[in-house]
Amino acid sequence: MILTFEKRAYKNQELRIKFPDNPEKFMESELDLNDIIQEMHVIATMPDLYHLLVELNAVHSFLGLLSHENTDILLFLEKRFYSTIGVVDLLQELTDIDTLQESEEGAEVLIDALVEGQVVALLVQNMERLDEQVKEEADGVYNTLGIIENVAEFRPGMCTEAAQQGLMQWLLKRIKAKMPFDANKLYCSEILAILLQNNESDWICQVFKRPNPSTVEEQEMMENLFVSLCSCLMLASNRERFLKGEGLQLMNLMLREKKTSRISALKVLDHAMIGPEGSDNCHKFVDILGLLTIFPLFMKTPKKMKKAGFSDKEHEEHVCSIIATMLRNLKGQQRTRLLSKFTENDCEKVDRLMELHFKYLEAVQVADKKIEGEKHVRDPFILVELRPQISDGQVSPKRVLRSYNWIIQGILLGAIGF
């Protein structure tokens, strides 16, 4: 089958070179090539044989077909044939993460060959040629993003290389394009978040002030973009870029406008201010009157935020973390302005701090009692029911509650001058 594919690909290329201006001369070879590509999908069910694709140079031929020149669009019986899109579909199936996990050895060989052949750069070049107004080509873009997601999930270390091969620029361009919202735009935001979470680069994802998302998919895309921005801000050097790019002003504006993006803007501010590297951002936030924005959110969780599906705990965590970070980082006049907020209106903000402290202290005590009760339960079936349902890699609820309480205690100590 692989040898037949190689022969048909070579014959098609030969006829295209010989008759570049006469598609009818190579139409039959185009159809033959498309047929064998469809037949090769069966290989995706046998990952143990992936090494043959590499040894017989089929992977190299696949990558060569990604730049196949059938933008001439062959019309036959009112149906369009795209060898390029056919190869994309095949690669998407070959790199399916479940299939790759069936044979680690075969998967490693295939991914090595794809990375060595700069598959991401070729995929990006191919996506730039496709017209998403045509359904088949829009599907080709979606499947191309699927290939990138599969490879990134199997080998996270290639995300840096993928960003350098033009993928980052293409994703940002596609997200910013004034096109109707669709599945491809949502997928682009997901891939962008994956890249930035696995890539310590100095890219800054620009988040624009937009109307509230009108659909669940649009809201998911918005959240993906904010996650991307938070990932960028984990790199200390990007916090300075965020400051110079007036990111603080944008987040402050989003908080004031009371839109769905409010909780995500809080997360971004939390990431931008944390640590000694966030000191300049803390001072700037006070200078742009950010205290007038953050303290009303500290005093009460907005109802709209609850309706949007965000919990009180999530809201309180980020607001308290921002205030605690400012208490650690601020100096001089800005610190004085922050501390003076706790003396306003008969120290109502200190009362709120105590309220939150006792709220989470009680939650910690309840968790302690529950854990203590589990120690005396010998029936394994009852123990399974009592034990919190925590998947591998997640933090226990008790630790989360204690973290909330430590943050609040930090604000209390900072507010009284320790």
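1. R155 counts as partly exposed, because its relative accessible area is 21% (buried is under 20%, exposed over 50%, partly exposed in between, with a 1.4 Å probe and protein chains only). The structure is a predicted model, in which local features need pLDDT of at least 70 and side-chain atom pairs count only at pLDDT 80 or more, while totals for chains, interfaces and linings use all residues. Residues are numbered from 1 along each chain as its sequence is written, and side-chain values use heavy atoms, with hydrogens and water left out.

2. The partner of R155 is D112: the two form a salt bridge whose closest N and O atoms are 2.7 Å apart (a side-chain nitrogen of Lys or Arg within 4 Å of a carboxyl oxygen of Asp or Glu). This pair links distant parts of the chain, 43 residues apart, with D112 in helix α7 (residues 104-116) and R155 in the loop between α9 (135-154) and α10. D112 is likewise partly exposed, since its relative accessible area is 37%. In general, side chains of opposite charge can pair when their charged atoms come close. The structure holds 14 salt bridges.

3. The overall make-up comes next. The protein chain has 23 helices and two strands (DSSP runs numbered from the N terminus: helices are H or I of at least four residues, strands E of at least two). Of its 418 residues, 46% are buried. The accessible surface of the chain is about 22,200 Å², and carbon and sulfur atoms account for 52% of that surface (Shrake-Rupley method with a 1.4 Å probe; for residues, only the protein chains shown count as cover).

4. How many of the contacts between residues at least 6 apart in sequence join residues at least 24 apart? In the protein chain the share is 75% (contact means heavy atoms within 4.5 Å). G86 lies 7.2 Å from Q38, C-alpha to C-alpha, although 48 residues separate the two in sequence. Leaving aside residues up to four places away in sequence, G86 touches I37, Q38 and H41. Its relative accessibility is 4%, so G86 counts as buried.

5. The largest nonpolar core has 64 residues, and M40, L53, F62, L94, L145, L167 and L171 touch the most other members (a core is a set of buried Ala, Val, Leu, Ile, Met, Phe, Trp, Tyr and Cys residues joined through side-chain atoms within 4.5 Å). Helix α10 (residues 159-176) gives the largest share of this core, nine residues. Apart from it lies another core, of 38 residues, including F295, I323, M326 and L353.

6. Helix α19 (residues 312-329) holds H315. With 1% relative accessibility, H315 counts as buried, because the value is so far down the scale used here. Which residue forms a salt bridge with E314? K267 does, with the closest N and O atoms 3.1 Å apart. Since K267 lies in helix α15 (residues 262-273) and E314 in helix α19, the pair ties together parts that are 47 residues apart in sequence. K267 is partly exposed, as its relative accessible area is 26%.

7. E316 and R352 also meet in a salt bridge through their side chains, at 3.7 Å from N to O. This pair links distant parts of the chain, with R352 in helix α21 and E316 in helix α19, 36 residues apart. Are these two residues buried or exposed? Both R352 and E316 are buried. Salt bridges with shared partners join E316, R352, E355 and K359 into one network.

8. Two backbone angles deserve a look. L289 has a phi near 65°, a positive value in a residue other than glycine. L289 is in the loop between α16 (279-287) and α17 (291-299), and it counts as partly exposed because its relative accessibility is 41%. D346 is not a glycine either, yet its phi is positive at about 60°. D346 belongs to helix α21 (residues 344-375), and its relative accessible area is 69%, so D346 is exposed.
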